[in-house]
Amino acid sequence: MESNDDPLKKKQVVDARARNISHNVRCTECGSQSIEDSQADMAILLRKLIRDEIQSGKSDKEIYKKLEDDFGETVLYAPKFDMQTAALWLSPLLVAGAAAGVWAYNKHRKRTNVHIMALNLVRGVPLTPK
């Protein structure tokens, strides 16, 4: 009984790993679908390639590396973080920080102007040069 369960269990593990990897790989023909969801010829071939690589004993990391080497970094849905992509990954933070800085500066400037005007009124300094 155990000998019958072992190949079945191995096939289930291979299928689960293949589906997991396929969900994280972009179809090179469709672009907007994973190869798991796509029915394009290229997606079918890539799913078969992934299953063959798993059956040959490769790890998930090695399979992702092979796909990236063969098709480029855009084939992966989660591109890696390195010096080339750092500006792309960090640009939303930089824009948000700059916007917060401009907002804080304007708010401070308005508050400061009101205080200076109030002090000038108390001292008897007119609001305009005339």
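**Exercise 1.** Does aspartate 70 count as buried, partly exposed or exposed, and what is its relative accessibility?

Solution. Step 1: recall the cut-offs, where buried means under 20% relative accessible area, exposed over 50% and partly exposed in between (1.4 Å probe, protein chains only). Step 2: aspartate 70 has 46% relative accessibility, so it counts as partly exposed. Step 3: its salt-bridge partner is lysine 66, with the closest N and O atoms 3.3 Å apart; a salt bridge is a side-chain nitrogen of Lys or Arg within 4 Å of a carboxyl oxygen of Asp or Glu. Step 4: lysine 66 has a relative accessible area of 29% and is partly exposed. Step 5: both residues lie in helix α3, four residues apart, about one turn of the helix. Helices (H or I, at least four residues) and strands (E, at least two) are DSSP runs, numbered from the N terminus.

The model is predicted: local features need pLDDT of at least 70, side-chain atom pairs count only at pLDDT 80 or more, and totals for chains, interfaces and linings use all residues. Residues are numbered from 1 along each chain as its sequence is written, and side-chain values use heavy atoms, with hydrogens and water left out.

**Exercise 2.** Find which parts of the chain the salt bridge between aspartate 60 and arginine 17 ties together.

Solution. Step 1: the closest N and O atoms of aspartate 60 and arginine 17 are 2.7 Å apart. Step 2: aspartate 60 lies in helix α3 and arginine 17 in helix α1, so the pair ties together parts 43 residues apart in sequence. Step 3: aspartate 60 is partly exposed at 24% relative accessibility, and arginine 17 is partly exposed with a relative accessible area of 24%.

**Exercise 3.** Describe the salt bridge between aspartate 15 and arginine 51.

Solution. Step 1: the N to O distance is 3.4 Å. Step 2: aspartate 15 is in helix α1 and arginine 51 in helix α2, 36 residues apart. Step 3: aspartate 15 is buried, at 17% relative accessible area, whereas arginine 51 is partly exposed at 24%. Step 4: Lys11 joins Asp15 and Arg51 in a network of salt bridges. The whole structure holds seven salt bridges.
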